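Please report on the packing, the sheet and the nonpolar cores of this structure.

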Amino acid sequence: MVCRSTALAMLGAGILFAGAAAAAAQQTDVNSPDLVLVNGKVLTLDEQSSVTEAIAVRDGKILATGSSASMRALAGARTQVLDVSGKTVVPGLIDTHAHFKAAGLGDYVVVMGRAKTVAEALEAIKAFVAKKKPGEWIVGGAWHPPSQLAEKRYLTRQEIDSVAPNNPVYLRTVGHFSMANTMALQKAGVDKTTANPDGGSFERDAAGELTGVLVETAIDRVEKAVPPWTEEDEIRQFTLAEGALNSFGITSAVEGATEARDVRTLQKLAASGQATLRAGLMYRPEPPADLTAWEAIMSGNGASSGFGDDWVRFAGIKIFYDGGMTLKTALMRDVYPDSHDNYHGIAQQTPERLKQLVSICNRYGWRVGVHVVGDLGIDQVLDAFEAADKEKSIHDRRFVLIHASLIRPEQMERAKKLEVRIDFQNVFMWDKAATVERFLGRPTAERAVPTKTLIEKMGLNNLGAGTDFPVNPINPFLNMYIMVTRKDPNGSVYGAAEAISREQALRLYTSAASRYTFDEARKGTIQPGRLADLTVLSADYMAVPEEQIKDIKADVTLVGGNVVFQR
């Protein structure tokens, strides 16, 4: 990674940086661009979908676009020139839902994403434990056992104990299930007599013994027992993470569930001048049982949605409602296909309590984004939004249905009337489509993430695309490939009628995505006055065969006109 302050004099990826005039010409021309990018295929994604050749940048913003000759003519003695040799240039990509800190945790957690069997998962834990002292906490990185492991299940505490008898082990998955070994449960004060919390459970076997699997709200009990990282560790983690996202051409991201500690760390990183990613934060305080305490959090120090700057900004409050379609916990109108007990999924709170939480947020000027996946859950979240709107209008506030993977057409119409956004993740259907089919049936898997219908019913600008990384791969071009083809890794197509065009997919990562943080006049397109966040691609996104879309890479990523990554 190249940090924000690095000079642009580099060679690589067939792209040339050079001075526009000899160094002897020392005079400073304050009106000339800092940089001109020439000889490109520039997809501006303006309202006319204009394509041009070149871009001039000054003071971190786009000064002008046009022909290579006209942009070169603007250059002064201090201007640097980036010749992209015919490569495609797009606006910097925006992931509207990611937990991107995870991209910087490789040195700090057990990497579980490569395990294909229970034995491989246990071996990964064992190898990590060998590098630690007895008694040190072992934490796992995000993974998805039901779809990832051949056994299609979670690890038990006894299995984890077998490779880590002297260390507390806590294994996160995708935010709705976790696993802990015996020592970790002991440190959290959990035993077989511990009552299940509302909206969650400590899973038990037939004999009533703890399996070590933690469901939904039960996760918090063990999570809070894990020692926090040091400030130095966290700054390094976010620095690495931002660089990792830059390497995929991502220049902005909405952090999907931000803790107070992470807000402070990101602010410090930006203040130091070392940030390379613009972050919109969905602040996620855990709702206390007492609504008066929730109101105190919302009133806080007077901040509300939109507070911040171009680098770190509060985007809203994140609330969890149901689970996930890949976890068999999405809250569904219909009973699950193999249910023997009228099972419809899991809600983390009652519909009435959700209304109260949303109402209080709205009262204090906070925009709300709710994690919701199943159609029954979506019904109830929209009910809460409608109730809040009657108290204080949420129009023009862009409240968010986060995921909404199984939304139905009439629900899209309700959302549009409220001017509610939907930010979805097609990439769930990459390596997890078969799991969705197994849990919910083929017809439901076919209608999951109904992208074309969403565009038709709601309009592109009310939508955005993300990945929910690390639950799914961060690669934006893999995500766009799935939007365009609806294929999984085996070539199986799920919901062919919901495929969209390449330009629509790209806009969901750029012009439409920028609206999440009310930044449509500042980024997401390549136009004069916009922030100079740009991505130079390895191939022509609009022209390569469909199967090659997923293989496109970022050759150069610029944020504010500065190179933050070059391949």
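Buried means under 20% relative accessible area, exposed over 50%, partly exposed in between (1.4 Å probe, protein chains only). Helices (H or I, at least four residues) and strands (E, at least two) are DSSP runs, numbered from the N terminus.

The model is predicted: local features need pLDDT of at least 70, side-chain atom pairs count only at pLDDT 80 or more, and totals for chains, interfaces and linings use all residues. Residues are numbered from 1 along each chain as its sequence is written, and side-chain values use heavy atoms, without hydrogens and water.

Six strands form an open sheet with mixed pairing, in the order S5-S4-S9-S23-S24-S25. Strands S5 (51–52) and S25 (562–566) are its edges, each pairing on one side only. Two strands pair if DSSP finds at least two bridges between them. S24 (554–559) and S25 pair antiparallel over four bridges. Thr-557 has Phe-565 in S25 as its bridge partner.

The largest nonpolar core has 128 residues. Such a core joins buried Ala, Val, Leu, Ile, Met, Phe, Trp, Tyr and Cys residues through side-chain atoms within 4.5 Å. Helix H17 (476–485) gives the largest share, seven residues. A second, separate core of 18 residues includes Trp-137 and Phe-202.
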